[in-house]
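Please open the model in your viewer and keep the selection tool at hand. The stops below say what to pick next and what is found there.

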Amino acid sequence: MKTRLALPLVVAGTVVLAGCFDGSSSSSNPTTQVRVVHASSDAPAVNVRLNDDEVVSAAEFRQVAVLTPRTGTYSVAFDGLLPDGSTATVIDESGVVLERQVSYDVIATGKVGDDDVAPLILTDSGERESADTVRLRVAHLSPDAQAAAGGPVSVFLSDAGEPL
């Protein structure tokens, strides 16, 4: 039996930003990069808010948006779009500090049906051990993968020159 699992970070969405998310990064007005990922497989489309400003609209499962907000402290909220047109806040994380020269991933994980939707916030300063190295981050975000694979999921990285 062959099982194929895809990471939700593969599909990228496009976001139109306005106002304070103008991409400017002068030293008097520093910005950072925030990648927002909808990785909750049974959740409806979501709107994403930073400090009550809607910055992503109707993102579907597996969509990714890249934002460039100013540095500072934010509240981050994911609002599920319900069939009747109303919204329900499924993630409301306050006190998220966004620093200069750090990239962030804010990922909605878990399943609505299991009542465990939660944010996973990852940071990356971009530092590497040396100029000829790379950093690789793998996030196992599928709550059903272990059952589908019939046991624990393993990730391997092969030696240089070997096929992955």
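In this predicted model, begin by selecting Leu-136, Val-138, Val-153, Val-155 and Leu-157, which together make up a nonpolar patch on the surface with about 490 Å² of accessible area. Within that selection, centre on Val-155, which is located in the segment after helix 1 (145-149); Val-155 counts as exposed because its relative accessibility is 58%, and the cut-off for that class is over 50%.

Next, turn to the open sheet of 4 strands, whose order is 4-1-7-8 and whose pairing is mixed. At its edges you will find strand 4 (64-67) and strand 8 (118-124), each of which pairs on one side only. Neighbouring strands of this sheet are turned against each other by 15 degrees on average, with direction ignored. Inside the sheet, select residues 33-38 and residues 103-109, that is, strand 1 and strand 7, which run parallel and are joined by 6 bridges. If you then pick Val-37, you can look across to Ile-107 in strand 7, which stands opposite.

The last stop is the loop between strand 2 (46-50) and strand 3 (53-59), where Asn-51 lies, and where Asp-52 is also placed. Most residues other than glycine have a negative phi. Asn-51, however, has a positive phi near 50 degrees, and Asp-52 likewise has a positive phi, of about 70 degrees, although it is not a glycine.

Definitions and conventions: Residues numbered from 1 in each chain as written. Predicted model: local features only at pLDDT ≥ 70, side-chain atom pairs only at ≥ 80, totals over all residues. Heavy atoms only, no water. Patch = residues over 30% accessible without salt bridge, like charges linked within 9 Å, V, L, I, M, F, W, Y side chains within 5 Å. Areas by Shrake-Rupley, 256 points an atom, 1.4 Å probe, with all protein chains shown as cover. Salt bridge = Lys/Arg side-chain N within 4 Å of Asp/Glu carboxyl O. Helix = DSSP H or I, 4+ residues; strand = E, 2+ residues; numbered from the N terminus. Buried < 20%, exposed > 50% of the residue type's maximum accessible area, 1.4 Å probe, protein only. Pairing = 2+ DSSP bridges. Axes fitted to C-alpha atoms, helices over the stretch in contact; angles between N-to-C directions.
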